[in-house]
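Work through these exercises with the model open beside you. Try each task before reading its solution.

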Amino acid sequence: MATGHIFIILIPIFFVILIGYFAGLFKAFNPASSKGLNTLVTKFALPAHLFIGITTTPRETLIQKWPFLVALLLGVIGFYIVLLVGYRLIAKKALTESSMFALNSTQPSFAFMGIPVLGSLFGSAAVAIPIAITGIVVNAILDPLASILGTVGQRKTTEADAKGNLFKVTMKSVLHGLSEPLACVPLIGVVLTLCGFQAPKLLQSMFDQLGNITSGTALFAIGVTIGIKKITFSPKALSIAVLKAIVMPIVMLGIAVLVGLSHEDVTKAVLLVAFPGSAVAAMIATRYETLETEAASAFVISSVLSLISLPLLISLLI
């Protein structure tokens, strides 16, 4: 694809992010209203869009996507585990900090940039299933895993209590992850499709009324979040941003090729993890009072890096 065509696709996307950035910078939105925008996208608009995308897909097409799930599991969960172990052993940091460092270096803003970027390249119907698979991996596996390890790292109880608490924490984290709309709604859609269900036209129209707002609202929400956050260029923040925006896509490229994905699916998998770091991951770090400033800063820095990395990746892959 020609460089000019790539920028024609990306300029409107980053324009909306820029408008959101100024809205956050000049206090048109505060942290509470910014959270409301994020909630609208992640809990309502995008799940509705993904549900219809999945339930209008033939069952055979969905079954054929299992290698994509394997690639995402290896590329996302595997990358998280490698960073977790490496940071813990090499930097000799506590388990909670290691978990938050690895999480923020791994989790992409797929929920906010997946539809506008991939949809512009492949069409929104063709990217619903890859984005849904990413949502299941991130929300049902990655976030609960990071939360479990973060909690375990903060425990200062006896060994017997720790074992009991660990089981409760594990179950609570997994159930919480599965209760997130970005995890459970795509799962429900997958199960229904495998059972032969196909969404009728009326149901499509109903869900589209909500799902069609996903693209612009998600991009605007990213800009607002960036405008509100304060940035620090610490070594940890820079490391998280570089790992997220540059290293992880390269790793995913190798994994996707080894798994044997088609060229189009390789491109989708790489771009899905190449998006900037996630505001959700930064919020999880805040919940554990660990790497709060660094995670928020890395989110902003990786968003800026994506201005360079995304066009470069698209030009190389398409």
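**Exercise 1. Find the partner of lysine 65 and say what the pair ties together.**

Step 1. Lysine 65 forms a salt bridge with aspartate 265. The closest N and O atoms are 2.9 Å apart. A salt bridge here is a side-chain nitrogen of Lys or Arg within 4 Å of a carboxyl oxygen of Asp or Glu.

Step 2. Lysine 65 sits in the loop between α3 (59-63) and α4 (66-90), and aspartate 265 in helix α13 (residues 263-274), so the pair ties together parts 200 residues apart in sequence. Helices (H or I, at least four residues) are DSSP runs, numbered from the N terminus.

Step 3. Check burial. Lysine 65 and aspartate 265 are both buried. Buried means under 20% relative accessible area, exposed over 50%, and partly exposed in between (1.4 Å probe, protein chains only).

A note on the source: this is a predicted model, where local features need pLDDT of at least 70 and side-chain atom pairs count only at pLDDT 80 or more, while totals for chains, interfaces and linings use all residues. Residues are numbered from 1 along each chain as its sequence is written, and side-chain values use heavy atoms, with hydrogens and water left out.

**Exercise 2. How many salt bridges does a search of the whole structure find? Examine the one between lysine 43 and glutamate 180.**

Step 1. The search finds four.

Step 2. Lysine 43 and glutamate 180 meet through their side chains at 3.1 Å, N to O. Lysine 43 lies in helix α2 (residues 31-55) and glutamate 180 in the loop between α8 (159-179) and α9 (181-194), so this pair ties together parts 137 residues apart in sequence.

Step 3. Lysine 43 is partly exposed, at 33% relative accessibility.

**Exercise 3. Is glutamate 97 buried or exposed? Place its salt bridge with lysine 236.**

Step 1. Glutamate 97 is buried, at 15% relative accessible area. Lysine 236 is partly exposed, at 27%.

Step 2. The closest N and O atoms of glutamate 97 and lysine 236 are 2.9 Å apart. Glutamate 97 belongs to helix α5 (residues 95-106) and lysine 236 to helix α12 (residues 235-259), so the pair ties together parts 139 residues apart in sequence.

**Exercise 4. Which residues does alanine 269 contact, leaving aside its neighbours within four places in sequence?**

Step 1. Alanine 269 is found in helix α13. Its relative accessible area is 0%, so alanine 269 is buried.

Step 2. The contacts (heavy atoms within 4.5 Å) are Phe68, Leu72, Met252 and Leu261.

Step 3. Alanine 269 and glycine 75 are 194 residues apart in sequence, yet 8.9 Å apart in space, C-alpha to C-alpha.

Notes. Helices (H or I, at least four residues) and strands (E, at least two) are DSSP runs, numbered from the N terminus.
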